[in-house]
Amino acid sequence: MKDMGLRKRAVALLDCSLVRFVLFVAVPFLFLVFCGLHPKSYVTGLVSTVGIYIVLASSLNLINGFSGMFSMGHAAFMAIGAYISAFLTLSESVKANECPALPDWLIHTQAPFAVALVAAGAAAALVAVLVSFTIIHTKGHYLSVVTLALIVVIRALIDNNDSITRGSRGLNGIQPLSTIPAVYLVVVVTLFVLYRTIRSAYGRGLISMRDDPVAAQTLGVNLTAKKISSFAISAFFAGLGGALWAHYLTAISGANFYFEKSFDIVEISIIGGMFSLSGAVLGAIFCTVLPEFFAPLENGLHIAGFRLPTFFGLSNIIMAALLVLLIIFHRQGIMGYSEIIVESWFSKETYTALFKKSEYGKVRSALAALFRGT
Amino acid sequence: MKKRKATVFLAAVLGVAVAAAGCGSNTGTTTAAPTSAAAQETTAPAASSEPIRIGGIFNVTGDQSSIDAPAQKGFDLAVDLINKAGGINGRLIEATSYDGQTDQAVCANNAKKLIEQDKVIAIGGLSDSDYAYAAGAVAQAAGIPIVFSGATTPDIPDTVGNYAFLTAFGDNTCAYATANFLFKTQGAKTVYVLIDDSMSYTTNLASYFIEHWKELGGEVVLEDHFKSGDYDFSAQIQRYLATGETDAMFISSGPDDASSIIQQFREGGATAPMISGDGWDSDLWGVAGDLANQDIYVGTHYATSDESDVVQNFIKAYNEKYGIDPENAFAALGYDCMMVLKKAIEDCGGDVTSANIRDKIEAIQGLQCVTGTISYSAESHVPAKSVVITKAEDNHLVFVENAASN
Amino acid sequence: MNITYFLTILVSGLKLGSIYAIVAIGYSIVYGILRLINFAHGDIMTIGVYLILVFMNTMGLPLFVCVLLSVALSVGVGLLIERLAYRPLRDATEETTLISSLAVSALLQNVLQIIFSAQRKPFLLPKSISTPMQVGMFKLSVINIATYVVTAVFLVLLYALLKKTKIGAAMRACSENMRAARLMGVNVNRVVMFAFFIGSAMAVVAGLLLAGEYKTVYPSLGFVPGLKAFCAAVVGGIGSLGGAVTGAFVIGVAEILFQGLMPTTMTAYRDAFVFLLMVAVLLLRPNGLFGKNEGGRS
C-alpha cells in the first residue's frame, strides 16, 4: 500500500462498482433525461449526434477491431439505411410525386419508426452479404480499398436514379423522429448486442481470426462464415445509424454519405480505440465535443478587448494533428482494450452495488486512500 | 500495463467529458425556456440599446467553401458597414458566425447553438439545399427567421416553413430567363445541354431549362452528363461535334468546372454560344484567355459592370475590407442577405422580435440590393427578381439585358 | 460510330493514362518498400501545383524554373511527412499507417485551404505550350505531347535506376524483404527517404500536367486523381513498376472509353466503373495483373 501512486489509487476507485454506477450509469442517464426534457437545446443536438456516432463507430469496431478486417465503407451502409428508412416513413403523396419509380407497395407503405429502423438495418445487412464475396477474397488494405469502392458505387446509384432517390437533389421533409429516447434506445440495444457478440464463443472466434487466422482455422473456426456474418452484423447497425441520421437531419443526399463521412467514423473509431466498444463511446464524445471548444477560436475570440482574426479550419487541423499524434504515441486509442464503460452498463454488479453495504465501505476506503495520499 | 494506461487515459477523457457536460448544462439551464416570441418580447424593450444579435452559418471549410467563404465575407462586410453607420435604429449588430464544415449535422447543431447560446434573433447563410434544410428545420422549430444567402432551390421555403427566405432567385427563374434569352433574343432553336449530375443545383437548373425550352418550342438535340471533377471532356466534346453543332449550348455546372469546360470545348472546336446559370458567375474562368470571350453568356444575379451606386459601393467596400474584388456572386448575396435582415429590423422599430422580423421580411417590397430588387410576399419567400444576362468581355461579365422569366 | 471518334477518345484516354501512370509510379515505389498506401501522395501533388503557381505569379520565373523550385520544396514536404508521421509507425500494421496517411492528407488540405483559401485559382500554362495544334488527325498541344514523353522518360530513367545503380538495388532489396536488407547492411531509412524523394518529385510533375489540363487548382485537387491512380496501381499490381504503368493506362483508357461509348445517361457512373474494375481485377488476380505473388502477405 505504501508506494501506491496517485494513478493507481484513482484506478482503485474505478474498481468499485458503486463508483462505476455513478460515473457510467447514473450521471449519463440523468444527463440524457435532462436533454430529453429540452429537445430543442443545442446541447441536446450534440448529444444526439454523439449517440448516432456511437452506433456507427461501435459497429465499425466489430469488424475493424474485433474481426481484423479494416473496412472504410460504413458511409455506404449508412446511406442504404437512411434511404430505406426515409422511403418507409415518408408520406404516400410525397413518394408518389417525388419518387415515382419506387415499387407500388413501397409507395403505399408507411411504417412506424421502429419497423423502418429494423428494415433499414436489414437492408444494409443484406447488401453486406451480397457484396461479401469481395471482402472474403481480399485482405489487408486491399480490403479497405474495396470497401471504398462500395461507397463510390452506392453514391453513383443514388445520384443516377432520379425517379427513385431524386438524384443529387436528395430527399427532404423526412420526419424528425430521432429524439433522445429513440437514439439512445438504439445506442443501448446496439452496444448490448455487440457486447454480447464479442463476449460469446462467436466473438472469441472473431478475435482469434484477427490474431492468427491460420491457427483459428486449424482450431475449427470457419473464417468465411465469420467474415460474412460479422460484416453483416456491422452493416446492420451502420444501417440503423444511417436511419437515425436521416431522421435527425430530415434531409439526405448521396453527397452526405461519401468518403468524408466514412473517414469521420474511422477517425472516431481510431481515436476512441477500435478494440473496444467503450472506445467507440468515448471516441464519439471526444470527436464531437472537442471541436466545440475550438469554435470560439475559429470565430475570432475576444481577448482583453482585442478580437483575434477568424481562423476557420483550425478545428479540422487540430483534430487531424491529434489523430496523427495519437496513432504514433498511443496506437490503441483512448481506451485500448479496456471495456470498462460498456461492461459496467451490462453487468448486474453495477446495479446491485447500490444495495450492498460492503460496496459503500469499499468506496469510502478508496476515497480515503486517494485523499490521504498514502 | 496496457490496461492501466488505458484507464488513466479514460480518467483524463472523462474529466474533459464531464467538464464539457458541465459547460453544456450551464448554458442549457439558463436558456431552458423555449425561445418563444413572448419570452423575447419581455426582454426586448428593456434592452433597446443592447446590440442586436444575428447569427451566420456558412460552410467555410469543405466542399462548399468556394461559394460560402465569399458569402461569409459579404455578410461580415454588411455588418461592418451597418455598425459604422450607427447600427439599426441606434442599436449595433453583434454577428456570430459558425463554420458548418459542409456537414449537415454540424449545420443543424450550429443553428441550435446560435439560437440558444448566442441568443440570436435571426440567422443568415448557407448556399446549398442539403444544409439549408438541416439548419432551416431547427430555425423553423424555434421560430427564428432564417434567410439563406446563396441557396437557389425554389422549394426550400415550402419545405422548411414560413420562417425561411431566400436571398437569391430560384433556379427555375434563372433557367427560364436563360432559355428565353436564347430563344427570343438570340433566336436559337436547337440546343445542347451538358449537366453535372453530382449537384442538386445543376440537376435542378438543367431540368427547369429543358422543361421551359420545350415549352417554348425549342429542340434539345443532345443531353450529356458529367460529374464535377471529371477533368477530361473529350468524350462529351466528340459526341457534341458529331451532332454537327447546335444553335447554342446550355452548360449546367458549378464554377469549379467552368474553366476546363470552356477551354476544352473551345479548343476542341465547338463554336456555338455557351450559356450557363449563376454558378458560372465567378472570376475564375474570366482569366481563361481569349477563348472565354467567344460568345459566353451567364444568367446571374448582377453585373459588376452595373453603374448603379449600390453595386459600385459594394464592390468598393469589399475591395477596401478584403483587398480583392468579390470572388463571385455569392459575396454579393451574403451581403444582401444581411441587408434583407437590416431592412426588416429597421421596419420593426422598437419591437425587435424574431416573429416581428419574420413578418417584416415578408412585407419587404422593392428593396434595392446589389443583386437586384427584392420583394417577398406571403405566397412566395423566394424573391421575385430579374435575371441579369451577362456576356464575357475582356475577362469581365458585361451586362446584356434583364431577361424575363416567363 | 466512326473511327475518328474512336481514335480521338482513345488518344484522350492515353493522355489521362499517362498522368495516372506518373502518380501511380509514385504510389507504387513507396508501397513496394513500406507497404504503405500513402493517401497524402495526392496532396503533395496539390502542394506542388500551388507552389508552381506562386513562383509563376510572384516572381515571374520561367515555367521550367518554377517546376524545379516546386519539386525541391514539395520533396521537402514529402520527406518531412515521412519523418514525422510514417517513420514512427514503421513497425505498425498496414491499417494504422493507412489511417496516419489519411490524417496527414486531411491536415495538408486544411492547411492549404487556410493559406490559399478554398477559392479555385486559375492555373494557366503559357499559351505556346497549351494551345492545341493539328497533329495528323488529332488536336494536341505541346503539353499533351510532353505528357506522353515525360511518362516514357521517367519510366526509362526509373528502370535504369532500379537495375543499374546501388541505391536501386537497395530499393529492390528492401521491397523484397526489409529486415533481410537491413541485415545485409542496407540503410533502410535512406532507401525509404529516397523512395519518398522520387515519389514526391513525380507527384509534382503529375500535378503540373493534371492542373494544366483542368486549368484550375484547389486544395483537394489531388485527392480523387490520387485515389484513382492508386486504383490503377492496384490493377497493375502495386509494387511493380511496369504493373503500375500498365494499370494506369488500362484505367485511363477504360475510363474515357466508358464515358465516350456508353449511353449518356450511364456516363455518371464513370467513377463507379473505375472502382468496380479495380475490384474485379483484385478478385480475379489478387496481386494485380503484374503483381508478384507474395503468398504470406496480403
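Hi everyone, let's start with one residue: B:Asp197 touches A:Asp159, A:Asn160, A:Ser168, B:Thr203, B:His225, B:Phe226 and C:Ala268, leaving out residues up to four places away in sequence. Contact here means heavy atoms within 4.5 Å.

A quick word on the model. It is predicted, so local features need pLDDT of at least 70 and side-chain atom pairs count only at pLDDT 80 or more, while totals for chains, interfaces and linings use all residues. Residues are numbered from 1 along each chain as its sequence is written, chains are lettered from A and ligands numbered from 1 in the order written, and side-chain values use heavy atoms, without hydrogens or water.

Back to B:Asp197. Is B:Asp197 buried or exposed? B:Asp197 is buried, because its relative accessible area is 9%; buried means under 20%, exposed over 50%, and partly exposed in between, with a 1.4 Å probe and protein chains only. You'll find B:Asp197 in the loop between strand S6 (190–196) and helix H8 (200–216) of chain B. Helices (H or I, at least four residues) and strands (E, at least two) are DSSP runs, numbered from the N terminus.

Now the sheet in chain B. Five strands form an open, parallel sheet in the order S2-S1-S3-S4-S5. Its edge strands are S2 (93–99) and S5 (164–166), each pairing on one side only. Two strands pair if DSSP finds at least two bridges between them; S1 (residues 52–58) and S3 (residues 122–125) of chain B have four, in the parallel sense. One example is B:Ile57, whose bridge partner in S3(B) is B:Gly125.
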